[in-house]
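User: Please examine the structure shown below and answer some questions about its local packing.

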Amino acid sequence: MFICPMHPEVLSDRPGDCPKCGMNLEPMMPKLSETKIIYTCPMHPEIEQDHPGDCPKCGMPLESKTAGSVNEQDRSEIRSLSVRFWIGLGLTILVLLLAMGKFIPALNLHRLVPMGVSKWLELILSTPIVLWSGAMFFERGWRSLVNRQLNMFTLIAMGVGVAYAYSVVGVVFPGIFPDSFKEDGEVALYFEAAAMITVLVLLGQMLEAKARSQTGEAIKGLLDLAAKTAHRVRNGKEEEIAGNEIEKGDVLRVRPGEKIPIDGRIIEGKSTVDESMITGEPMPVEKGADDPVIGATVNQTGSFLMRAEKVGADTLLSQIVRMVAEAQRSRAPIQRVADTVAGYFVPGVILLAVVTFVVWAVWGPAPAMAYAIVNAVSVLIIACPCALGLATPMSIMVGVGKGAQNGILIKDAEAIERTAKVNCLVTDKTGTLTAGKPRVTTSIPVAGFDERLLMAMAASLEQNSEHPLARAIVEQANERGMELELADEFESMTGEGVSGKIGGRKALIGKEKFIAETGIPIPPGLAAKARELQGNAQTVVWFASGGSVVGILGISDPIKKTTPGAIKALHELGLKLIMATGDYRKTADAVARELAIDEVRAELSAKDKNDIIQQLHREKYVVAMAGDGINDAPALAEAEVGIAMGTGTDVAMQSAGITLVKGDLAGIVKAIALSRAVMRNIRQNLFFAFVYNALGLPIAAGILYPVFGILLSPMIAGAAMAFSSVSVISNALRLRNLKL
């Protein structure tokens, strides 16, 4: 399917132009698991169709929704525009020499080529420029009229068409014109204006196509990262297979220097892995048994066996590609301002052109009608809002690609705009401020209960949980070689604890409050020990079995090395920082003191975190929430901007507007800096888009002529319009050099 980037409701099953705005329909992108290519318009995502073409609303070329599938289409469009531009430019130079030669005495063209011959040569040379090189403008302009969706191609088609048609009639039937159309007995011709405008607009379209192609380099680069082959181990034998033949559960061998073929987990061996192409971080990461590895990253020093866990569209690389492609096509709320202005602007310009024509025809100097036509055409051309349609999408496309290169996955353009306004960050502790790799450092059973049995029972119950603290308990038991039992009737209370049956006895593990609320008494001596551990920044987990508490576990999670610097940078950006954690108050306070966090909210449930976000909204804060667990998902969705750690759960990533692949707080600093830079760039682009029109329209209409005798040639108007588009494209591409 093909769709218009400006009007997503326009769909077509074949390539073409948007019937509403005349822009190219673009191929839409389905999920990576789908094979059918859908084309869409980056300006109007409701436009979808299954073949290339132009957007019926705005005329922009439709883009494939399948990232990386439109390379040939992009190249074909650029080749076509380049051929039309260069041939048109060559012919235009000849037309300019014939038309303007009399003003260059050294050439003596008016003697070599008599006027009677010159005007016919201009007609012959201009016709392929206007009707072949510029054919796409007339097609899109006509479609915009038929669909009552006036756009920039409406103005281009009218301006170029009037100048060319008037000149053709002036050559073929000069006798039908009254004296008011003539100067020195000759009808004034404007072939050079029609040709020059066509070539300038083509130049803008060609630069735009190249810029759009360049913005997809981040995605194409990611797609090229995927390993082409893998070494699968089955029944003791090793075989080389294609990357797309890997199945979930396959055991793969990865040697030093090879790319890791798919997402999975190491089951034997250890190594260091370069994950910079995914996370943006240059330092290699040490990996050992049971550590996760990401497809497309590079194994460096050791050889290991891994088990494939995610294949096809489920891999992190595939998710990144899909998220980046979808975000690049999304629209920021600020775009609505430009859309609203454009909706009134084009009809207003046409009305101004009509008024200009009438005023000059009635009150203008001789030849009045010639002046009237020239000035009306100038108004139509200089007002063309080409740059207006590019202002927001170009910055979004470049910004999202830049983010992807730095491990920042942006869900849509709205997330960028909201992130730029954030002034308060609410962050979880575990896995966000801390490393997210907690370890059991203390285990204290009640008198008469075996410490080893405490660990084994706690791990047996926790092995069904996804929480980082649960994983720490299970890992500790595995390291100590303990045999774990299967838990029956397992139940998880998000943010509180879990329950189940171990050996036929009811068991619970979680917060002190969770245990107490079930009616199980808390031993005072053990409670005092728990407070002591919490004061040393250890998280305390309580374990009860058979209706009584049998022990506590103290779990430490070291603060990430990058966290202190990131918090300092966030304060410098003007953000208020609030730690909202389900952990105990004393543990949270100890971490907050070390990191100089502004405010601490501890012992929270998932609902509590949600309530905090709502309270901050009432206090007029623009809130970003950073987290990585299932219990963070509601708060991530409630905040203006949810920021999920890529090391966390899938549900957290789905609820968030921004995902940090590395799961590092420093990434939030980069995300906010990038968002502010993108929004600043968009505002600059909108200025470039409007300033030429605002300044040029009165001059084009002839307001300076009575006092200064200054008129704006249609060629100068076309150059100003093209310069506006070039300014927007160049400014947007500057984001590629942004240092985060």
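User: Which residues does histidine 231 touch, not counting residues up to four places away in sequence?

Analyst: This is a predicted model, in which local features need pLDDT of at least 70, side-chain atom pairs count only at pLDDT 80 or more, and totals for chains, interfaces and linings use all residues. Residues are numbered from 1 along each chain as its sequence is written, and side-chain values use heavy atoms, with hydrogens and water left out. Histidine 231 is found in strand β11 (residues 229–234), strands being DSSP runs of E with at least two residues and helices runs of H or I with at least four, numbered from the N terminus. With contact meaning heavy atoms within 4.5 Å, histidine 231 touches Glu238, Glu239, Glu240, Val251, Leu252, Arg253, Arg255 and Glu258.

User: Is histidine 231 buried or exposed?

Analyst: Buried means under 20% relative accessible area, exposed over 50% and partly exposed in between (1.4 Å probe, protein chains only). Histidine 231 has a relative accessible area of 13%, so the residue is buried.

User: How is isoleucine 559 classed by relative accessible area?

Analyst: Isoleucine 559 lies in the loop between β27 (548–556) and α18 (563–572). Its contacts, not counting residues up to four places away in sequence, include Leu433, Thr434 and Ala435. The relative accessible area of isoleucine 559 is 22%, so the class is partly exposed.

User: How far apart in space are isoleucine 559 and alanine 435, C-alpha to C-alpha?

Analyst: In sequence, isoleucine 559 and alanine 435 are 124 residues apart. In space, their C-alpha to C-alpha separation is 5.7 Å.
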